[in-house]
Amino acid sequence: MRKIVIAGNWKMYKTQAETLDFLRHFLGLLSETPDGREVVLCAPFTALGALSKSLHGARVKVGAQNLHWEAEGAFTGEISGPMLRELGVRYVVVGHSERRQYFGETDETVNLRLKAAQAHGLTPILCVGETKQQRDAGETESVITAQIENDLVDVDQTNLIVAYEPIWAIGTGDTCESAEANRVIGVIRSLLKNPDVTIQYGGSVKPANVDELMAQPEIDGALVGGASLEPESFARIVNFQ
Ligand code: PEP
């Protein structure tokens, strides 16, 4: 059975105080959220402790935005799986396009991070997606196929979420047509060994388009950037119709 997972990716936004302020508004908006929908907030490392403490007993799970593949060592500025687990983290975004683009992440390091997440009891959310240039050149399928094949070498597909995030749709307001997102996610599913992997769509998901996206048969959830920063808009997305 595929699980529906709606995850917010806060990127480099929100201090601890802002996190607590968000929760004060957000948690009260989830009383109507149907059972069986997993709600996740992927916050900056500095807010994870506050988030975990405040979410104790709540239905919202804590996620991080990256992890290093070693459990400890001389890796200045990095954070490891055991450190995240200690803070109550359950999910971790791996291979986000901003990490690949600005911080030199490769399929090889993404693969190492995925395996480390699983080894430490975390569920990784693997992001894949093509640039506008690659889409215009008709390379969407080949780019996605290479990412899935290279990133998932020796990765356990029973503890994995994949997010299809066309790069041209991230933070641009330019959402991928829901039928096209559905089609590409179908391609991703055909490349996986486990048909029950949750596959999210991400890229300018908003209250105004979430219902249509989530009505698509292949789409099992959403990874939401900008619209997850504001309690009302993220709650509307979580409570999609
Ligand atoms: C993201 O950061 O993964 C994302 C999809 O951002 P946005 O929703 O702002 O496009």
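Val 128 has Tyr 164 as its bridge partner in β6. That pair belongs to a predicted model, where local features need pLDDT of at least 70, side-chain atom pairs count only at pLDDT 80 or more, and totals for chains, interfaces and linings use all residues. Residues are numbered from 1 along each chain as its sequence is written, and side-chain values use heavy atoms, leaving out hydrogens and water.

- Strand β5 (residues 123-128) runs parallel to β6 (residues 161-164), and four bridges join them; strands are DSSP E runs of at least two residues and helices H or I runs of at least four, numbered from the N terminus.
- Helix α5 (residues 107-119) packs on the sheet and touches β4 (89-94) and β5, with contact meaning heavy atoms within 4.5 Å.
- The direction of α5 makes about 160° with that of β5; axes are lines fitted to C-alpha atoms, for helices over the stretch in contact, and angles run from 0 to 180 degrees between N-to-C directions.

**Ligand**
- A polar side-chain atom of Asn 9 sits 3.1 Å from a ligand oxygen atom, a polar contact being N or O atoms within 3.5 Å.
- For Lys 11, a side-chain N or O atom is 2.7 Å from an oxygen atom of the ligand.
- Ser 204 uses a backbone N or O atom, 2.8 Å from a ligand oxygen atom.
- The protein buries 98% of the 290 Å² that the ligand exposes taken alone (Shrake-Rupley method, 1.4 Å probe).

Methods:
Pairing = 2+ DSSP bridges. Polar contact = N/O pair within 3.5 Å; in protein donor to acceptor, adjacent residues only side chain to side chain.
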